[in-house]
Amino acid sequence: MNNPVIWTDADLDGSGSYTILKWLTNQEYELHTTTAKSFEQEITNWFNANSDNKKREIYILDMDVASSIKLIDLPNVTIFDHHPQHVAIKDDYKNAKVVLD
């Protein structure tokens, strides 16, 4: 029922991150590829398209989405990233699960 979602960067690191998570979990995901620059507008549009989208299990892979913390700091969001600027502010997240290293 949850139908988990992955948002990832539209580059080689992003596709590799998606592939590894899929292998590890052996699960199907709804996939959205974007860029860090376009992420906030695209996920806002996606949230607005269906009110249930904010409740779904969401994974954000390989994107510095630090400018969108207020939008995505939700308990059903898990973020994996390595970009130094994003890692530096990982303590700003209060609800999302973050693996920023």
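## A tour of the fold and its charged pairs

Of the 101 residues of the protein, 40% count as buried (buried is under 20% relative accessible area, exposed is over 50%, and partly exposed lies in between, with a 1.4 Å probe and protein chains only). The model is predicted: local features need pLDDT of at least 70, side-chain atom pairs count only at pLDDT 80 or more, and totals for chains, interfaces and linings use all residues. Residues are numbered from 1 along each chain as its sequence is written, and side-chain values use heavy atoms, leaving out hydrogens and water.

**Whole chain**

Start with a cartoon of everything. You will see 4 helices and 5 strands (DSSP runs numbered from the N terminus: H or I of at least four residues for helices, E of at least two for strands). Follow the chain from the N terminus, and the elements read β-α-β-α-β-α-β-α-β. The radius of gyration is 13 Å, close to the 13 Å from the globule rule for 101 residues, so the protein is as compact as a globular protein of that length. That radius is taken over C-alpha atoms, and the rule is 2.2 Å times the number of residues to the power 0.38.

Draw a box along the principal axes. The C-alpha atoms fill roughly 35 × 30 × 20 Å. Now show contacts (heavy atoms within 4.5 Å). Of those with a separation of 6 or more, 46% come from residues 24 or more positions apart.

**Surface and charge**

Colour by charge next. There are 9 positive and 16 negative charges, and their mean positions are 7 Å apart. Lys and Arg count as positive, Asp and Glu as negative, while His and the chain ends are not counted. Each charge is placed at NZ of Lys, CZ of Arg, CG of Asp or CD of Glu.

**Salt bridges**

Side chains of opposite charge can pair when their charged atoms come close. The count here is 3 salt bridges (a side-chain nitrogen of Lys or Arg within 4 Å of a carboxyl oxygen of Asp or Glu).

- Select Lys22 and Glu28. Their closest N and O atoms are 3.0 Å apart. Lys22 is partly exposed at 24% relative accessibility, and Glu28 is exposed at 59%.
- Select Arg56 and Glu30. Here the closest N and O atoms are 2.8 Å apart. Arg56 sits in the loop between helix 2 (36-49) and strand 3 (58-61), and Glu30 in strand 2 (residues 30-34), so the pair ties together parts that are 26 residues apart in sequence. Arg56 is buried at 11% relative accessibility; Glu30 is partly exposed at 23%.
- Select Lys55 and Asp52. Their closest N and O atoms are 3.5 Å apart. Lys55 is exposed, with 61% relative accessibility. Asp52 is partly exposed, with a relative accessible area of 41%.

**Two last stops**

Go to Ser67. This residue lies in the loop between strand 3 and helix 3 (69-72). Ser67 is exposed, at 64% relative accessibility.

Finish at Thr78, in strand 4 (residues 77-81). At 11% relative accessibility, Thr78 is buried. Which residues does Thr78 touch, not counting those up to four places away in sequence? Show Ile58, Tyr59, Ile60 and Lys97.
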